[in-house]
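Take a look at the model below. The paragraphs after it lead through its parts one at a time.

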Amino acid sequence: MVTTSPTYGSAGPAVAPRSFLSKLRNGDEIARLVTFVFAMTVVLLTVLLVYQLWINSALPRHKFGLHFFTTSVWDPVMDEFGALPFIYGTLVTSAVALFLAVPLGIGAAIFLAELAPQRISDTLQFFIDLLAAVPSVIYGVLGVFIVVPLMRTVIYPLINKPLGFLPIFKGPSYGVGFLTAGIVLAIMVIPYIISVSREVLLSVPRDQREAALALGATRWESTWKVVVPFAKTGIMGSIFLALARALGETMAVTMVVGNTPKIAASLFAPGYSIAAVIANEFTEATGPLYTQSLIALGLVLFLLTFVLNGLARILILVTTQKGSGVTR
Amino acid sequence: MKRFTGLLVAGLALVAVVWAADSLLINGAGATFPNPIYTKWFSEYHKKDPKIEFNYQSVGSGAGIKQVTDGTVDFGASDGPMNDEQLKAYQDKHGFPILHFPTVLGAVVPTYNVPGLSGALNFTPEALAGIYLGKITKWNDPIIAGANKGVNLPANDIIVIHRSDGSGTTYVFTDYLSKVSDEWKSKVSKNTSVNWPVGLGGKGNEGVTGLIKQTPNSIGYVELIYAAQNNIPYGAVKNKTGVFVKADLKGVSAAAAGMAKDMPADFRVSITDPLGKDAYPICSFTWLLIPQKISDSAKRDSIKGFLKWMLADGQGYAEQLDYAKLPKEVVEKESKAINSVQ
């Protein structure tokens with residue numbers, strides 16, 4: 001946007017040596033300063049957030065140390081707190097969500113961007129934006145009243161009968177659990193994946209497609225072998241946006257995950273997630289160690305998001321170096 | 001048009017300033033369970049004395065105790081009495097104690113979803129403790145069946161449901177189980193949230209109810225007021241004298257009356273598992289937490305005035321909102337205690 005108006009700056013009266021003052025008068029410098037301060041608030045907020053989480057979780061850090069991450073007892077009466085079941089639940093539900101949402105979301109995005117007529121694509125996009133704007137508690141209610149009974153009566157028998165010998169599909173189903181939470185999360189993040197991936201695919205230059213077609217590729221070959229790899233970075237971005245949403249989702253998860261701090265291999269078993277336990281127990285947490293353990297969980301969630309985001313960046317760097325050479 | 005809007009805004013601001021200067025705002029925070037009746041009381045009292053405005057935030061008992069201890073609100077409210085440690089923390093910080101004033105009573109009822117069953121089930125204390133400890137796992141277990149002669153109980157697994165959020169309801173329920181079962185007391189004990197041996201968690205009364213409705217063969221516990229207002233069927237519980245009582249407001253007041261004689265001076269008493277043949281065993285007071293010294297004399301007089309009104313006229317609003325009234329003995333004792341607020 002800046003580069004498209006080269007004549008704009010020279011149109012003003014102070015052309016020759018642009019002193020700081022004249023720049024200030026022009027507004028350039030003010031704009032720069034103000035926007036710089038605004039940009040810095042993001043950094044400041046992050047630092048403050050971590051600082052507050054850190055100093056307000058001193059008690060469990062001193063009492064439990066690294067055991068906080070490796071023990072799975074959560075007992076407010078005995079003042080024993082371990083984060084493992086919550087970390088496990090957060091990761092498992094998010095993984096299930098991505099496993100379901102990524103192929104579906106990207107497939108839908110490819111159809112909308114490449115194959116569908118313009119009008120259908122735009123109409124569907126409207127619905128997708130609508131879905132993305134639905135508050136999470138609505139998804140939670142849908143989860144409780146539709147996915148939970150469906151899980152017990154249809155999905156569980158369907159999967160458990162043929163695949164029940166696998167540890168991840170063993171055991172009884174209560175309707176609520178890791179898989180149910182994963183499905184609800186998947187429904188919630190699909191609109192993000194579709195929406196962002198579609199935009200990215202649409203922004204792939206026409207030449208790329210035309211070149212592929214000119215070389216004799218079919219429509220699908222040009223889409224799958226040229227357009228999608230070209231948009232890979234952006235699609236990855238959409239997946240990590242979805243992951244961030246899934247990791248931090250609170251309301252919908254707590255309504256369908258079963259809220260049981262246990263680690264179980266079976267996806268049908270009930271579990272718990274970090275965001276859910278904080279929302280559930282914080283208001284009535286009695287005693288400093290209990291409260292601070294919940295804050296420590298908040299810090300863990302922050303670190304988890306941070307690490308996963310970092311890994312995502314590295315992944316993107318590595319794949320773009322080897323791959324199509326797309327840079328931003 | 002613009003000018004008119006400006007005038008209007010200025011006028012409104014002026015009204016707000018005048019109105020604020022004339023009224024006294026008293027801030028409180030705490031338990032969610034008595035929120036409906038507190039809201040009713042505060043609005044009725046405001047009608048009676050328009051100068052006094054109460055602002056109550058139902059942020060939860062734990063947060064209420066924390067805020068009144070920090071001194072950010074004028075009074076707190078809690079579903080469970082403050083423990084000795086919390087009292088000491090308050091005393092250390094302020095140099096004077098905080099007082100408990102019971103306001104109304106609530107009860108917790110067992111609710112369940114057993115397909116093909118009509119009529120209320122009877123629960124013994126052993127059955128409830130056994131189910132929540134994970135020792136009784138089938139609906140046709142002799143301990144449950146023994147109390148329900150003639151009821152055709154299925155041989156299905158019991159799915160146990162509890163609250164996932166910290167709550168006074170859980171405190172009362174686990175307090176009761178701690179009294180009737182030594183094993184529960186040593187293994188789990190009582191708190192606003194505990195380390196449950198078995199079961200699934202639902203958020204809030206509505207979360208527990210939702211899970212029970214969705215899950216055949218499940219059992220859970222909710223507040224009596226919630227069950228009553230939403231027509232949720234619930235079971236009877238055997239009290240200390242061996243009578244099965246289905247919770248209602250009379251049974252809850254009877255429980256409080258049964259314990260009134262042993263009421264300690266600071267009103268911090270658990271009335272679960274009381275004596276008395278009409279008494280429903282899983283119930284509790286809910287308390288207002290009032291600092292013993294209030295330096296602002298206008299605030300002190302208003303709070304004392306409100307407490308007196310609450311014990312007299314205020315109690316009349318309790319039953320229409322499904323709360324049980326305080327028994328006479330407790331009202332008398334509290335009326336005297338109000339004078340110790342200085």
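Val256(A) touches Gly140(A), Gly143(A), Val144(A), Val147(A), Val148(A), Val176(A), Thr180(A), Ala181(A) and Val184(A), leaving aside residues up to four places away in sequence. Two residues are in contact when their C-beta atoms, placed from the backbone, lie within 7 Å. This is a predicted model, in which local features need pLDDT of at least 70, side-chain atom pairs count only at pLDDT 80 or more, and totals for chains, interfaces and linings use all residues. Residues are numbered from 1 along each chain as its sequence is written, while chains are lettered from A and ligands numbered from 1 in the order in which they are written.

Val256(A) also belongs to the largest nonpolar core, which has 173 residues. A nonpolar core is a set of buried Ala, Val, Leu, Ile, Met, Phe, Trp, Tyr and Cys residues joined through C-beta atoms within 7 Å. Buried means that 20 or more other C-beta atoms lie within 10 Å of the residue's own; with 12 or fewer the residue is exposed, and in between it is partly exposed, with C-beta atoms placed from the backbone. Val184(A), Val189(A), Ile193(A), Val256(A), Val252(B), Tyr280(B) and Leu289(B) touch the most other members of this core. Its largest share, 17 residues, comes from helix 8 (residues 178–202) of chain A. Helices (H or I, at least four residues) and strands (E, at least two) are DSSP runs, numbered from the N terminus. In soluble globular proteins, nonpolar side chains tend to be buried together.

Helix 2 (residues 28–55) of chain A is hardly covered: among its 28 residues, the count of buried ones is 0. At 1.5 Å a residue, helix 2 of chain A should span 40 Å, and its end C-alpha atoms are 40 Å apart, which agrees. The expected span is 1.5 Å times one less than the number of residues. Helix 7 of chain B is mostly covered, with 13 of its 13 residues buried. Helix 7 (residues 168–180) of chain B should span 18 Å; its end C-alpha atoms are 19 Å apart, which agrees.

Where do the chains meet? The contact takes 25 residues from chain B and 23 residues from chain A. On the chain B side, helix 3 (61–70), strand 7 (200–202) and helix 9 (204–214) each supply at least two residues. Helix 9 of chain B gives the most, with 4 residues. This side of chain B divides into 7 nonpolar, 16 polar and 2 charged residues. Here Ala, Val, Leu, Ile, Met, Phe, Trp, Tyr, Cys and Pro count as nonpolar, Asp, Glu, Lys and Arg as charged, and the others, Gly among them, as polar.

Next come the strands of chain B. Which residues of strand 11 (residues 283–291) of chain B are buried? The count is 9 of 9, so strand 11 of chain B is largely enclosed by the rest of the structure. Cys283(B), Phe285(B), Trp287(B), Leu289(B) and Pro291(B) point one way, Ser284(B), Thr286(B), Leu288(B) and Ile290(B) the other, and all are buried. In a regular strand the side chains alternate between the two faces of the sheet.

Strand 3 (residues 75–78) of chain B runs antiparallel to strand 11 of chain B, joined by 3 bridges. Two strands pair if DSSP finds at least two bridges between them. Gly76(B) has Leu289(B) as its bridge partner. Strand 4 (residues 98–113) of chain B is also antiparallel to strand 11 of chain B, with 9 bridges. There, Gly106(B) is partnered with Ser284(B).

Strand 6 (residues 159–163) of chain B is mostly covered, with 5 of its 5 residues buried. It runs parallel to strand 8 (residues 218–223) of chain B, through 2 bridges. Strand 6 of chain B is parallel to strand 7 of chain B too, through 3 bridges. His162(B) has its bridge partner, Gly201(B), in strand 7 of chain B.

Finally, 3 strands of chain B form an open sheet in the order 5-9-10, with mixed pairing. Strand 5 (122–123) and strand 10 (244–245) of chain B stand at the edges with a single partner strand each, so one side of each lacks a neighbour in the sheet. Asn122(B) stands opposite Ala236(B) in strand 9 of chain B. Gly235(B) lies in the loop between helix 10 (224–229) and strand 9 of chain B. Gly235(B) is buried, with 21 other C-beta atoms within 10 Å.
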